[in-house]
Structure formats: C-alpha cells, structure tokens
Amino acid sequence: MQERLQKILSARGIASRRKAEDYIVQGLVKVNGEVATLGQKADPEVDQIEVDGKVLDARSEMLYYVMNKPVGFETSNVDPATQKKPETKDKRPALHRPTVRELLPPNLRGKIFPVGRLDKDSEGLLLFTTDGVLSYRLTHPKFTHEKEYEVVLGKAIEPLALKKLEEGFELDGSMTKPLKAWKIGPNVVRIVLTEGRNRQIRRMCQNVGYTVKNLKRVRIMTLQDDRLRPGVIRLLTEAEKSALLQSVGIEQ
C-alpha cells in the first residue's frame, strides 16, 4: 500500500514526520534510485527506499524469533572466534562462558540479534530480531515496555516487602519506577517491570531482605509461550508479530 514517505520513515522510527520532511527536502531520500520529492508516496513492500544511502528493509523481510534462554548462558551474539581469549592471573586460558549465540542454528548466528538482556543466572523468553526499530522501542528508557517475571524467593514474602517492591526505591542514584507485584505462592511472586536496570529484580529483592532462587521471564509485552522448552528458538507467528509491533506503536 502506498503512503507518504514521511509517514513511512516515521513508522520505521527513522525520524519524526517533520524531520523526515527535512530529509526529503535536503535530497537525502531516494525511491527506486531517484531523489524523492516532498509529498511523494511509495510502497515500502515494493519500492526500494533509501535514506542517506542506506536502504530501508521491507518489514516483511525482517526476522522475529523467540527463545527460552536456559540458566547458564550469557546474552551475547558475539562470535567467540573473533574475540581475544582472556587469561587468568596465572596465564591459564579462562573458562569457556556459554552464550545464547551457541543455541542458535548456524544459519542465524550473526544474522539475528537479542533484544535487551537476561543475566546468566536467569531464564525465560528472549526476543531475537533484525528489526532495529522494534529493538529500540523495547529497550530505550523513554518507552514503556512491560516485561513480566516469575520469581522464586528463598523464603515466604511478607505483604510489606511486596508493597515496598511496588513503590520502588533508589538504585544507582535514582528511583526505580513503580511496578506491579503479586504473590502466586508463599515464596513465589510475579513482577512486571517497565524498565530494565542491571540485575534489577535481584537487587530490589535483596534490598527488602529476600534472596532470589530462580528468575524466569514469562512475558515481553504481548509475547508469551509457556510451552517453549529451554534452549529452543522458534519464529514468531504472524499474529504474534503483529500484536507485538502494535503494542510498541509500530505501524505495519
């Protein structure tokens, strides 16, 4: 479907519509190799659109996968073969640190990239994509992006501690955002975050006197899958992809 170029660029997160108009006026936008004009329309699924020399991928060509990350794997897509091997103090090679890259099929390694992070000791849903706009919308602090976790604590949690978690407190020099938290068992809680600080849930629980025994991400915005086995990755269905893109305000 044809749309005005500034709307297409805005929907892809390239620029605001006003800024996109500036790009067009400056001659930075091309359609099928020709410099675009203000008011011109194009079909991003058919036409080749370039912004400052970079071709805009059709959204239909972008890849969207979800993995159930197991405990013990770091969220990294760096090829270990390209990295200098660190050494211990006694000059012995450091132990191998498994990453989620190793769980990807060989044809996807270096092609799709994880969105955000799950620490090595945590498990659960991890999104992989080639869609840079979606990644930006899900990770940048200026956007509200819900992620839900199931947290097993070392002991039963008291109502006052649960309330304190919801209200938030200072971490790294600033207040955490209010969150949703509720019990589903004596020592098991569900927590919904709209931010993603380093090891945030573990540190917050420790702050109110509780140790996290197990931490599992069970939802990313609209995306859920309680049947996906640890270490398995799969393509999102069209319905899942559409719901996720819509939930972060990306037009299709």
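Modeller: Asp-172 is located in the loop that joins β11 (170–171) to β12 (174–175); strands (E, at least two residues) and helices (H or I, at least four) are DSSP runs, numbered from the N terminus. The model is a predicted one, in which local features require pLDDT of at least 70 and side-chain atom pairs pLDDT 80 or more, while totals for chains, interfaces and linings use all residues. Residues are numbered from 1 along each chain as its sequence is written, and side-chain values use heavy atoms, with hydrogens and water left out.

The backbone of Asp-172 has a positive phi, near 55°, in a residue other than glycine. With a relative accessibility of 59%, Asp-172 counts as exposed; the classes are buried under 20% relative accessible area, exposed over 50% and partly exposed in between, with a 1.4 Å probe and protein chains only.

A positive phi, of about 50°, is found at Asp-52, which is not a glycine. Asp-52 occupies the loop between β5 (49–51) and β6 (54–56), and its relative accessible area of 60% makes it exposed.

A further loop residue is Pro-186, placed between β13 (180–185) and β14 (188–193). Pro-186 is exposed at 56% relative accessibility, and it touches Ala-156 and Ile-157 when residues up to four places away in sequence are not counted; contact here means heavy atoms within 4.5 Å. The C-alpha atoms of Pro-186 and Val-152 are 9.4 Å apart, although 34 residues separate the two in sequence.

Turning to charged pairs, the whole structure contains 17 salt bridges, each defined by a side-chain nitrogen of Lys or Arg within 4 Å of a carboxyl oxygen of Asp or Glu. One of them links Glu-3 to Lys-7, with 3.4 Å between the closest N and O atoms. In this pair Glu-3 is buried at 15% relative accessible area, whereas Lys-7 is partly exposed at 27%. Between Arg-234 and Asp-225 the closest N and O atoms are 2.9 Å apart.

Another salt bridge joins Glu-238 and Lys-241 at 3.5 Å, N to O. The two residues are separated by about one helical turn because they stand three residues apart in helix α6 (residues 238–247). Glu-238 is exposed, at 55% relative accessible area, and Lys-241 is buried, at 11%. Elsewhere, salt bridges with shared partners unite Glu-146, Glu-148, Glu-150, Lys-180, Arg-190 and Arg-219 in one network.

The largest pocket holds about 580 Å³ of space. On a 1 Å grid over the protein atoms alone, a pocket is an open set of points with protein on both sides within 12 Å along at least five of seven lines, and lining residues have an atom within 4 Å of a point; grid points are joined across faces, edges and corners, and the volume is the space filled by probe spheres set on them. Of the 25 lining residues, Arg-117, Gly-196, Arg-197, Asn-198 and Arg-217 lie nearest the centre of the largest pocket. At least two lining residues come from each of α3 (132–139), β10 (147–153), α5 (200–207) and β15 (212–220). By class, the lining has seven nonpolar, eight polar and 10 charged residues, where Ala, Val, Leu, Ile, Met, Phe, Trp, Tyr, Cys and Pro count as nonpolar, Asp, Glu, Lys and Arg as charged, and the others, including Gly, as polar.

Technical notes. 1 Å grid on protein atoms, 1.4 Å probe; cavity = no way out; pocket = protein on both sides within 12 Å on 5 of 7 lines; lining within 4 Å.
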